[in-house]
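Below are my comments as numbered points, with the cut-offs spelled out as each term comes up.

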Amino acid sequence: MKILNSTFDFKDKLNSSLGRETRVDWNNRKIKEYSEYLRNLKIKNLDFILDELMNNWRSGFYKKLMLAFVVDKDDTRFLTFDELYNNRLLVLAAENLPKTNIKTIAFSKTDLNVFKTMQPFIDTIYFMNIGRKFSWEDVLNTFFSGLDARLMFGLDKFDELNEVPEPTANFFQKLGETQIASKATSDLYMKLTLLQMHIEDDRFGHNFGDFSEDYRPTEDLFIQL
């Protein structure tokens, strides 16, 4: 990867000296193209999502998020299976969502692996806010405070819910049947993913994979969720 990055750097210097498009120029052009394409779809609330995405990019929030994602966040022990069983949302998801298989991947269905991407991002945002490694109390808070259920049912208004709906087996069974069914939805998902990737490359270049092999696959599934 480092050899590849050196090659990219050399080509960028050469292209810049010749007045050609550099990797940075190309990346910024793709960000603009995908952003304009998505806005022209005229989908309800999509402009708001794009505004938030672009604001988080320009403010440097995404860079902080990606760096926090790869940090070793705690020195405590892992939760045992019996302890995890106290999180009703996780139990219902494990019992009712399909396990990842060829069918769930082919049809982009919401399987257990897709659902499990929520916890790493909860941990990352929590870590960014407390500004230190997790204590045992922090571990308990992230898993058992009910924040996961609030996010599932309240989405961006999770902090405004006075009463969180009780998760049920039926809810997860229906969730497991959701999939990217139409070409339009598939195209929207793909373009959002590509826009996000180019934003990450703007911050880290092509060497982002040098220090995180997990972030992009996790983020990709999280966008699907």
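**Notes on the model**

1. Let me begin with helix 11 (residues 147-154), whose buried residues are Asp 148, Ala 149, Met 152 and Gly 154. Buried here means under 20% relative accessible area, exposed means over 50%, and partly exposed is in between (1.4 Å probe, protein chains only). The cover over these buried residues includes helix 6 (88-96), helix 8 (112-115), helix 9 (118-130), helix 10 (136-144) and helix 12 (169-175). Helices (H or I, at least four residues) and strands (E, at least two) are DSSP runs, numbered from the N terminus.

2. A word on the ground rules. This is a predicted model, in which local features need pLDDT of at least 70 and side-chain atom pairs count only at pLDDT 80 or more, while totals for chains, interfaces and linings use all residues. Residues are numbered from 1 along each chain as its sequence is written, and side-chain values use heavy atoms, with hydrogens and water left out.

3. Now the overall picture. The protein has 14 helices and zero strands. Of its 225 residues, 36% are buried. Among contacts (heavy atoms within 4.5 Å) with a separation of 6 or more, 69% are between residues 24 or more positions apart.

4. Which residues touch the most other members of the largest nonpolar core? They are Leu 38, Tyr 62, Leu 195 and Ile 199, in a core of 17 residues. Helix 2 (23-39), helix 3 (46-58), helix 4 (61-70) and helix 13 (183-204) are the elements that give two or more residues to this core. Helix 3 gives the most, with five residues. A nonpolar core is a set of buried Ala, Val, Leu, Ile, Met, Phe, Trp, Tyr and Cys residues joined through side-chain atoms within 4.5 Å.

5. Tyr 62 deserves a look of its own. Not counting residues up to four places away in sequence, Tyr 62 touches Leu 53, Asn 56, Trp 57, Gln 196 and Ile 199. There is also a second, separate core of 12 residues, which includes Leu 89, Leu 112, Phe 115 and Phe 172.

6. How do helix 2 and helix 3 pack? Their axes come within 10 Å and cross at roughly 160 degrees, which makes helix 2 roughly antiparallel to helix 3. Axes are lines fitted to C-alpha atoms, for helices over the stretch in contact, and angles run from 0 to 180 degrees between N-to-C directions. Angles under 35 degrees count as roughly parallel, over 145 as roughly antiparallel, 65 to 115 as roughly perpendicular and the rest as oblique. Helix 2 contributes Asn 28, Ile 31, Ser 35, Leu 38 and Arg 39 to the contact, and helix 3 contributes Leu 46, Asp 47, Leu 50, Asp 51, Met 54 and Trp 57. By class, the contact residues are six nonpolar, two polar and three charged. Ala, Val, Leu, Ile, Met, Phe, Trp, Tyr, Cys and Pro count as nonpolar, Asp, Glu, Lys and Arg as charged, and the others, Gly among them, as polar.

7. Lys 42 counts as exposed because its relative accessibility is 69%. Asn 45 is in the loop between helix 2 and helix 3 too, and its phi, near 70 degrees, is a positive value in a residue other than glycine.

8. Turning to helix 4 and helix 9, their axes come within 9 Å and cross at roughly 110 degrees, so helix 4 is roughly perpendicular to helix 9. On the helix 4 side the contact is made by Phe 61, Lys 64, Leu 65, Ala 68 and Phe 69, and on the helix 9 side by Pro 120, Phe 121, Thr 124, Ile 125, Phe 127 and Met 128. These residues divide into nine nonpolar, one polar and one charged.

9. Is Lys 73 buried or exposed? Lys 73 counts as buried because its relative accessibility is 11%. Lys 73 sits in the loop between helix 4 and helix 5 (81-84). Leaving aside neighbours within four places in sequence, Lys 73 is in contact with Ala 68, Asp 123, Thr 124, Phe 127, Lys 133 and Phe 134.

10. Finally, Asn 96, which is found in helix 6. Asn 96 touches Ala 169, Phe 172 and Gln 173, not counting residues up to four places away in sequence. Asn 96 and Ala 169 are 73 residues apart along the chain, and their C-alpha atoms are separated by 6.3 Å.
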